[in-house]
Amino acid sequence: MSQNIKGALYALIAFGIFATHDVLVKILGGAYSPVQLVFFSVLLSFPLATLMLMRDATPGTLLPAHPWWMALRTVAAVVTGMSAFYAFSVLPLAQVYAMIFASPLIITVLAIPILGEKVRLRRGLAVLVGLAGVMVVLRPGQTELGLGHLAALMAAFGGALNSVVVRKIGADERNVVLLLYPMVANFLVMGAFLALIYKPMPVEHLGLLAILSVLAWVAGLGIIAAYKSGEAVIVAPMQYSQILWASAYGAFFFDEQIDGATALGSAIIIASGLYIVLRESKSGNSANRPVLRTRSRPDTGTTLRISPFLPSSIRFKRGQ
């Protein structure tokens with residue numbers, strides 16, 4: 001088996017596990033506020049995070065080298081966590097994924113002011129086509145748009161902003177700092193509101209939350225293994241397999257069917273994202289590859305689903 005095939009298989013398995021994670025979010029979201037779910041997801045992730053932090057032998061303090069960029073990343077992670085959990089709770093899985101798939105397109109746009117990248121005509125047109133696909137999914141004027149749709153778009157934007165900020169400061173910040181600040185912020189912010197919305201949870205639901213954390217951790221390891229085994233241009237498109245999981249899980253657990261507009265919009269978004277990935281793979285400028293190096297999962301700061309733990313061979317380094 002070639003390394004690229006092995007990397008693709010690892011990625012497919014990992015994104016399947018992520019999809020299972022999101023099914024549990026949707027199931028629990030029918031009974032509990034996303035504030036409560038995020039809080040306990042963070043709380044139950046700390047033991048796993050501690051194990052990873054104990055392995056970080058990098059000398060230094062927990063003070064960020066770029067405090068303002070770290071603050072922006074932390075705020076984005078808190079907003080993304082709430083938005084993603086809420087969107088999965090109230091919208092069909094396929095609709096949420098379709099809008100989250102716009103994250104690589106948003107990364108391409110945000111990379112212009114934040115990273116100083118230049119987006120040429122073809123990539124720019126691909127972004128516009130992809131955003132048009134988002135509008136096809138949303139169908140403004142034909143369907144009633146609610147907070148769930150706004151939350152899904154905010155999750156896509158927040159995940160993209162997180163990725164670009166990590167791209168900017170990842171070479172200077174310790175992994176422990178990049179991981180810890182969003183987790184602690186989510187714990188404190190959600191904990192502050194918990195008393196207002198808390199609903200007692202039976203042991204089995206707490207168990208499901210623990211499973212959430214483990215699933216995200218295992219899937220994160222799978223993504224790392226995928227990028228260590230295969231080329232980014234092969235691994236990155238595997239994220240779109242989640243729409244297949246969404247179709248199967250949605251039909252089996254929630255009696256959801258993908259309508260024509262969602263299917264068409266998803267196809268447009270995926271096609272534009274794949275075009276950008278392929279264009280970047282042919283680029284001679286390795287610094288101009290924010291999409292290839294991004295796993296395009298919302299970095300919620302609630303689990304170990306975090307870019308900085310990718311191996312150093314695919315981490316962003318300043319000056320590359």
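Q: How many aromatic pairs does the count come to?
A: The count comes to 11 aromatic pairs. The model is a predicted one.

Q: Why is the pair of Phe101 and Tyr240 called edge-to-face?
A: A pair of aromatic rings is described by the distance of the centres and the angle of the planes. The ring centres of Phe101 and Tyr240 lie 5.0 Å apart and their planes stand at 80°. Pairing requires centres within 6.5 Å, and planes over 60 degrees apart count as edge-to-face. The pair of Phe101 and Tyr240 is therefore edge-to-face.

Q: What makes the pair of Phe101 and Tyr240 a link between distant parts of the chain?
A: The two residues are 139 residues apart. Phe101 sits in the loop between helix H4 (93-100) and helix H5 (103-115), and Tyr240 in the loop between helix H10 (232-235) and helix H11 (242-254).

Q: Does Phe101 count as buried or exposed, and what is the reason?
A: Its relative accessibility is 1%, and buried means under 20%. Phe101 therefore counts as buried.

Q: Is Tyr240 buried or exposed, and how do you know?
A: Tyr240 has a relative accessible area of 7%. The limit for buried is under 20%, so Tyr240 is buried.

Q: Which residues is Phe101 in contact with, leaving aside its neighbours within four places in sequence?
A: Phe101 is in contact with Gln239, Tyr240, Gln242, Ile243, Ile269 and Ile270.

Q: Which residues touch the most other members of the largest nonpolar core?
A: They are Phe88, Leu93, Tyr97, Phe101 and Leu209, in a core of 62 residues. Helix H1 (residues 3-29) supplies the largest share of this core, with 11 residues. There is also a second, separate core of 15 residues, with Ile106, Ala160, Val164 and Val177 among them.

Q: Why is the pair of Phe253 and Phe254 not called stacked or edge-to-face?
A: The centres of the two rings are 6.2 Å apart and the planes are at 50°. Stacked needs planes under 30 degrees apart and edge-to-face needs over 60.

Q: What makes Phe253 neither buried nor exposed?
A: The relative accessible area of Phe253 is 44%. Buried means under 20% and exposed over 50%, so Phe253 is partly exposed. Phe254, at 24%, is likewise partly exposed.

Q: Which residues form one aromatic cluster with Phe253 and Phe254?
A: Trp245, Tyr249 and Phe252 form one aromatic cluster with Phe253 and Phe254.

Q: How do you know that the span of helix H7 agrees with its number of residues?
A: Helix H7 (residues 147-169) has 23 residues, and at 1.5 Å a residue it should span 33 Å. Its end C-alpha atoms are 32 Å apart, which agrees.

Q: Why is H7 described as largely enclosed by the rest of the structure?
A: Of its 23 residues, 17 are buried, so H7 is largely enclosed.

Q: Is Leu147 buried or exposed, and how do you know?
A: Leu147, found in helix H7, has a relative accessible area of 60%. Exposed means over 50%, so Leu147 is exposed. Its C-alpha atom is separated by 8.9 Å from that of Val90, 57 residues apart along the chain.

Q: Is Ala8 buried or exposed, and how do you know?
A: Ala8 lies in helix H1 and has a relative accessible area of 13%. With the limit for buried at under 20%, Ala8 is buried. Leaving aside neighbours within four places in sequence, Ala8 is in contact with Ile234 and Met238. The C-alpha atoms of Ala8 and Ile234 are separated by 6.5 Å, though the two are 226 residues apart along the chain.

Q: What is the phi of Asp255?
A: Asp255 has a positive phi of about 55° although it is not a glycine. Asp255 is in the loop between H11 and H12. Its relative accessible area is 64%, so Asp255 is exposed.

Q: How many helices and strands does the protein chain have?
A: The protein chain has 12 helices and zero strands. Buried residues make up 55% of its 320 residues.

Technical notes. Residues numbered from 1 in each chain as written. Predicted model: local features only at pLDDT ≥ 70, side-chain atom pairs only at ≥ 80, totals over all residues. Heavy atoms only, no water. Helix = DSSP H or I, 4+ residues; strand = E, 2+ residues; numbered from the N terminus. Expected span 1.5 Å × (residues − 1). Buried < 20%, exposed > 50% of the residue type's maximum accessible area, 1.4 Å probe, protein only. Core = buried A, V, L, I, M, F, W, Y, C linked by side-chain atoms within 4.5 Å. Contact = heavy atoms within 4.5 Å. Phe/Tyr/Trp six-rings, centres within 6.5 Å; stacked < 30°, edge-to-face > 60°.
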